[in-house]
Amino acid sequence: MTQLGTTETTWRWPTTTRGRLILVASLASTVLLFLMTVPLHRGWFDLGVYYGAVHHWVGGGALYDYQVPGSKYGFTYPPFAAVTMLPMTLIHWNGAIAFTLLLNAAAAVVILRLTAGPVVRTRGWTPWYALALTGCAFALLEPVRDTVSFGQVNLLLLALVLVDLRLPADGRASRYAGIGIGLAAAVKLTPAVFIGHLLLTGRPRAAATATAVALGATGLAAWIAPDTSRVYWTQALWDTDRVGSLAYVSNQSWQGLLARFVEPYEPSRGIWAAGVLVLLTLWFVRVRRATAAGDHAAAVALTGVLACLISPVTWVHHLVWLVPALAVLAGAALDTPAGPDRRRLLTWAVALPVVLSSSVVWLWSKDSSGIDGFLGGNTYVWIALGLLVALPVRSAPRTHLPPLPRA
């Protein structure tokens, strides 16, 4: 509009399919260019660990003796994870990268559909358009970026758990409930916390299935490679030096916060255990409240947050388990009536993903001492604690389908 010689241009979101396609293509291209050039690209390091370790293992070497040339890092997952990765011995390195990218892309689609999808449908937005825009923001999150550029398995495990939990619920009981969580827990120990979630939310049958699957997969690996399994469960699992320094700024767990606070000394196991007990109690109370209110998405999200906090080592790329909480926060903000509460929730719903995309903790990668290091170097820990304490829990949430059945 032109008035008194002044031109005002008001931005309007495109409403035509062509305009939306152009906007999505432009944003996606910008994000892709950033991801290809960002200095913090990890060079497929963890994929290199998996690839080298399984080749070393198949070649007759001991799985947990393998170390990436020029480093002290080796394979740290349970033997069942190595069994699932054996197909990598059939393809070359570039093929392994391409296959991992495809798997992560597929997992990202599943995660977005199961977390952001209910919010999109409730608002009446065009699904492909809203999810494509959300996907661009999702790809910028540092945990997602790191998972992809490390060649990590976090997105795959998160997708497996979310599918198992049926987020959103489909209203039908399934005899297969728990299988996905059990497999994820056999690949990596962190998802095992969701077995506790199943028990706490009144799904003992699914919890029993998950436990049986996890133990069965672990037993299968022990049958295939008994010596390797013995080494892992009696030695490698307890050797924290294998995964790196607990005080390293990338370790954004309760244990990591303690380790940085007392560095160069070892953190007290008693204080760590007491903190874990407090976190478990808070999680118990809040998940029970969410379940009673019928907000099963919030209950799942709170369990993901807990997993990040109580794990002794939660590298930044493990923080993909916060994604369901970010979706719940966004849904609560959009559904809150206009007013101060809505503005506050919208501010947090925007600010937290921005901070989680900023790589801010790396400003203290060399020195996390002092008050600035304590506050800034633990930024992602504070976010997780804030979500565990204050994630909105709503009665009969409009953004989700009927409650999960007992399984």
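Biologist: Hi! What should I know about the numbering and the cut-offs in this predicted model?

Modeller: Residues are numbered from 1 along each chain as its sequence is written, and side-chain values use heavy atoms, with hydrogens and water left out. As this is a predicted model, local features need pLDDT of at least 70 and side-chain atom pairs count only at pLDDT 80 or more, while totals for chains, interfaces and linings use all residues.

Biologist: Thanks! How many helices and strands does the protein have?

Modeller: There are 18 helices and two strands. Both are DSSP runs numbered from the N terminus: helices are H or I with at least four residues, strands are E with at least two.

Biologist: And what is the radius of gyration?

Modeller: The value is 22 Å, close to the 22 Å that the globule rule gives for 407 residues, so the protein is as compact as a globular protein of that length. The radius is taken over C-alpha atoms, and the rule is 2.2 Å times the number of residues to the power 0.38. Along its principal axes, the C-alpha trace spans about 80 × 45 × 45 Å.

Biologist: How much of the protein is buried?

Modeller: Of the 407 residues, 51% count as buried. Buried means under 20% relative accessible area, exposed means over 50%, and partly exposed is in between (1.4 Å probe, protein chains only).

Biologist: New topic: how many aromatic pairs turn up?

Modeller: The whole structure has 14. Rings of Phe, Tyr and Trp (its six-membered ring) pair if their centres lie within 6.5 Å; planes under 30 degrees apart count as stacked, over 60 as edge-to-face and the rest as tilted. One of the pairs, tyrosine 64 with phenylalanine 75, is tilted, at 6.1 Å centre to centre and 50° between the planes. Both residues sit in the loop between helix H2 (45-58) and helix H3 (79-84), eleven residues apart.

Biologist: Which residues make up the ring cluster?

Modeller: Ring pairs link Tyr50, Tyr64, Phe75, Tyr77, Tyr232 and Trp233 into a cluster.

Biologist: Last one: how many disulfides are there?

Modeller: The search finds zero, with a disulfide taken as a pair of cysteine sulfur atoms within 2.5 Å. As for cysteines, Cysteine 136 is buried, with a relative accessible area of 10%, and Cysteine 308 is buried at 2%.
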